Amino acid sequence: MTHTLLLRLAGPLQSWGMISRFSARRDSHSRPTKSAVIGMCAAAMGLPRDAGPGDLAQATFGVRADHPGTPVRDYHTVGAGKYPLRPRDLITDHRRAAAVSADLDTATGDHFGHHTLPHWYGSPKKITTDPASGVLISGELARTALITERWYLADATFLVGLQHDDQDLLESAAQALEHPKRLLWLGRKSCPPSGTLALAVVPGDLDTAFHTHGILPEPDSTPESARRPWAWLQVPPSQRGAVPVQDQPVRFGALGPEHTTRWEVRRRITIAPNAAEWKSEDIIS
């Protein structure tokens with residue numbers, strides 16, 4: 001029998017990258033991606049990166065935008081300037097250690113951490129091997145600031161569904177999300193989730209679950225069951241109106257994730273009059 005795991009993804013900020021990766025402009029999709037949600041579940045369950053996304057990646061995926069949020073832009077700078085040396089700076093670059101060795105030998109108490117070197121960037125970058133000694137050194141001692149443009153969704157709340165025939169698998173994922181083995185975030189490490197993540201594992205398919213469960217409440221607000229939120233549902237590629245999305249996870253390797261194509265449709269969801277309503281005190285912390 002088919003079951004659906006319902007998740008609540010909410011927080012002050014979310015950011016779901018689709019195109020950019022370590023570029024000057026970091027985009028955000030208008031909603032959570034399947035690869036990010038499966039990756040969150042895998043992290044919560046403690047699965048190693050090289051083990052692949054697991055059976056949960058075969059689940060049918062859907063997102064209902066109960067509160068779509070507001071796009072916000074962050075003007076962000078990285079690097080440049082001078083910073084106090086840290087132990088790893090000395091370990092990974094013997095030239096730094098030699099430059100401050102006299103001060104370190106005579107330092108007492110908690111003096112360490114206040115050493116600076118003129119015109120040297122504080123955090124080692126581009127670690128390489130010294131051709132003379134063979135030890136690790138920083139290949140970049142100074143650099144100009146990197147200016148980036150980063151986009152987020154503010155005050156958004158999404159109802160996410162994972163439909164699968166294996167109820168035990170969904171139950172295990174739900175348990176792990178509430179007691180994760182690794183830290184979880186909403187797309188980026190600067191975006192922690194708030195409140196309850198795993199709401200319930202319900203019988204039936206994804207479309208039915210979205211119609212029979214009311215709008216998720218926000219803090220200091222009441223549910224608006226009369227609203228007709230947009231939803232995006234994974235479907236077979238042969239279904240009329242289906243569009244391709246490049247977020248079907250294949251692997252989560254340390255050198256970068258790998259994705260393939262899945263297909264989805266967008267539609268309005270009319271909440272049933274007798275839909276189950278959520279209690280704010282149970283899901284918002």
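Student: Which residues are linked in a network of salt bridges?
Tutor: Keep in mind that this is a predicted model. A salt bridge here needs a side-chain nitrogen of Lys or Arg within 4 Å of a carboxyl oxygen of Asp or Glu. The network links Arg31, Asp247, Arg262 and Glu264, and within it Glu264 bridges to Arg262, with their closest N and O atoms 3.3 Å apart.

Student: Are Glu264 and Arg262 buried or exposed?
Tutor: Burial is read from relative accessible area, and a residue counts as buried when that value is under 20%. Glu264 is buried because its relative accessible area is 4%, and Arg262, also at 4%, is likewise counted as buried.

Student: How many salt bridges are there by this rule?
Tutor: The count comes to seven. One of them is formed by the side chains of Glu149 and Arg73, at 3.2 Å from N to O, and this pair links distant parts of the chain, since Glu149 belongs to strand S7 (residues 146-164) and Arg73 to strand S4 (residues 70-78), 76 residues apart. Glu149 is partly exposed, with a relative accessible area of 21%, and Arg73 is partly exposed as well, with a value of 49%.

Student: Which parts does the salt bridge between Asp207 and Arg267 tie together?
Tutor: The side chains of Asp207 and Arg267 meet at 3.3 Å, N to O. Asp207 lies in helix H5 (residues 206-211) and Arg267 in strand S11 (residues 256-268), so the bridge ties together parts that are 60 residues apart in sequence. Asp207 counts as partly exposed, at 27% relative accessibility, and Arg267 is partly exposed at 28%.

Student: Turning to charges and rings, where does the charged end of Arg188 sit?
Tutor: For such an arrangement one looks at both the distance from the ring centre and the direction relative to the ring normal. The charged end of Arg188 sits over the ring of Tyr152, 4.9 Å from its centre, while Arg266 lies over the face of Trp230, at 3.8 Å from the ring centre.

Student: Arg188 and Tyr152 make me think of Ser15, which touches them both; where is the place of Ser15?
Tutor: Ser15 is in the loop between strand S1 (3-14) and strand S2 (25-26), and Ser15 is buried, with a relative accessible area of 1%. The side chain of Ser15 reaches the backbone oxygen of Trp151 at 2.9 Å. Once residues up to four places away in sequence are set aside, Ser15 touches Asp27, Ser28, Trp151, Tyr152, Leu186, Gly187, Arg188 and Cys191.

Student: How should I read another loop position, and which residues is Thr196 in contact with?
Tutor: One places the residue between its flanking elements and then looks for partners beyond its neighbours in sequence. Thr196 is in the loop between helix H4 (167-178) and strand S8 (198-203), where Thr196 is buried, with a relative accessible area of 18%. Leaving aside neighbours within four places, its contacts are Arg8, Glu178, Asp282 and Ile283. The C-alpha atoms of Thr196 and Asp282 are separated by 7.8 Å, although these residues are 86 residues apart along the chain.

Student: How many residues of helix H1 are buried?
Tutor: Helix H1 (residues 34-44) is mostly covered, with nine of its 11 residues buried, including Val37, Ile38 and Met40. Just after H1, Gly46 takes a positive phi of about 75 degrees.

Student: Which elements give two or more residues to the largest nonpolar core?
Tutor: A core is traced by joining buried nonpolar residues through their side-chain atoms. The largest one has 36 residues, and among those with the most contacts inside it are Leu5, Leu9, Val160 and Leu177. The elements giving two or more residues to this core are S1, H1, strand S3 (60-67), S7, H4 and S8. Leu9 is in contact with, among others, Val37, Met40, Val160 and Leu197. A second, separate core of 19 residues includes Leu216, Leu233, Val265 and Ala275.

Student: And what does the secondary structure of the protein come to?
Tutor: It comes to six helices and 11 strands. Of the 285 residues, 42% count as buried, and among contacts between residues at least 6 apart in sequence, 78% join residues at least 24 apart.

Notes. Residues numbered from 1 in each chain as written. Predicted model: local features only at pLDDT ≥ 70, side-chain atom pairs only at ≥ 80, totals over all residues. Heavy atoms only, no water. Helix = DSSP H or I, 4+ residues; strand = E, 2+ residues; numbered from the N terminus. Buried < 20%, exposed > 50% of the residue type's maximum accessible area, 1.4 Å probe, protein only. Polar contact = N/O pair within 3.5 Å; in protein donor to acceptor, adjacent residues only side chain to side chain. Contact = heavy atoms within 4.5 Å. Lys NZ or Arg CZ within 6 Å of the ring centre and 35° of its normal. Core = buried A, V, L, I, M, F, W, Y, C linked by side-chain atoms within 4.5 Å.
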